[in-house]
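Q: Can you walk me through this model? I'll ask as we go.

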Amino acid sequence: MIQSLYATQVCCDTTARYGVHLGFNVEFLYDATATLSLDTKFGIVEAKTLFDSAIATQSIVFSNVVSVKEWIQSL
């Protein structure tokens, strides 16, 4: 059973990656996303682990990762 589709590591990450592949400079607002722990056939994956992994990948490979406050100040 899928517990969360609207999550940092799912749709937020996918949308940001797709934007990069379309040629956009993506800003990923990390504190405007969230996730839940998942109970998988491989065991429970804690929400913090999922979130931190997605944010780390975004910041290293795909996006400029900033807080909402930082983003507003940059406008």
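Q: Which residues make up the largest nonpolar core?
A: Ala16, Val26, Phe28, Phe51 and Ile55, five residues in total. A nonpolar core here is a set of buried Ala, Val, Leu, Ile, Met, Phe, Trp, Tyr and Cys residues joined through side-chain atoms within 4.5 Å. Buried means under 20% relative accessible area, exposed means over 50%, and partly exposed is in between, with a 1.4 Å probe and protein chains only.

Q: Where do the coordinates come from?
A: This is a predicted model: local features need pLDDT of at least 70, side-chain atom pairs count only at pLDDT 80 or more, and totals for chains, interfaces and linings use all residues. Residues are numbered from 1 along each chain as its sequence is written, and side-chain values use heavy atoms, with hydrogens and water left out.

Q: What does alanine 16 touch?
A: Leaving out residues up to four places away in sequence, alanine 16 touches Val26, Phe28, Gln58 and Ser63. Contact means heavy atoms within 4.5 Å.

Q: How do H1 and H2 sit, roughly parallel or roughly antiparallel?
A: The axes of H1 (residues 8-21) and H2 (residues 47-62) cross at roughly 10° and come within 10 Å, so the two helices are roughly parallel to each other. Angles under 35 degrees count as roughly parallel, over 145 as roughly antiparallel, 65 to 115 as roughly perpendicular and the rest as oblique. Axes are lines fitted to C-alpha atoms, over the stretch in contact for helices, and angles run from 0 to 180 degrees between N-to-C directions.

Q: Which residues make that contact?
A: From H1, Thr8, Gln9, Asp13, Ala16, Arg17, Val20 and His21; from H2, Leu50, Phe51, Ala54, Ile55, Thr57, Gln58 and Phe62.

Q: Switching topic, how many disulfides are there?
A: Zero, from a search of the whole structure. A disulfide is a pair of cysteine sulfur atoms within 2.5 Å.

Q: What's the overall secondary structure?
A: Three helices and four strands, in the order α-β-β-β-α-β-α along the sequence. Helices (H or I, at least four residues) and strands (E, at least two) are DSSP runs, numbered from the N terminus.

Q: And how much of the chain is buried?
A: Of its 75 residues, 28%.
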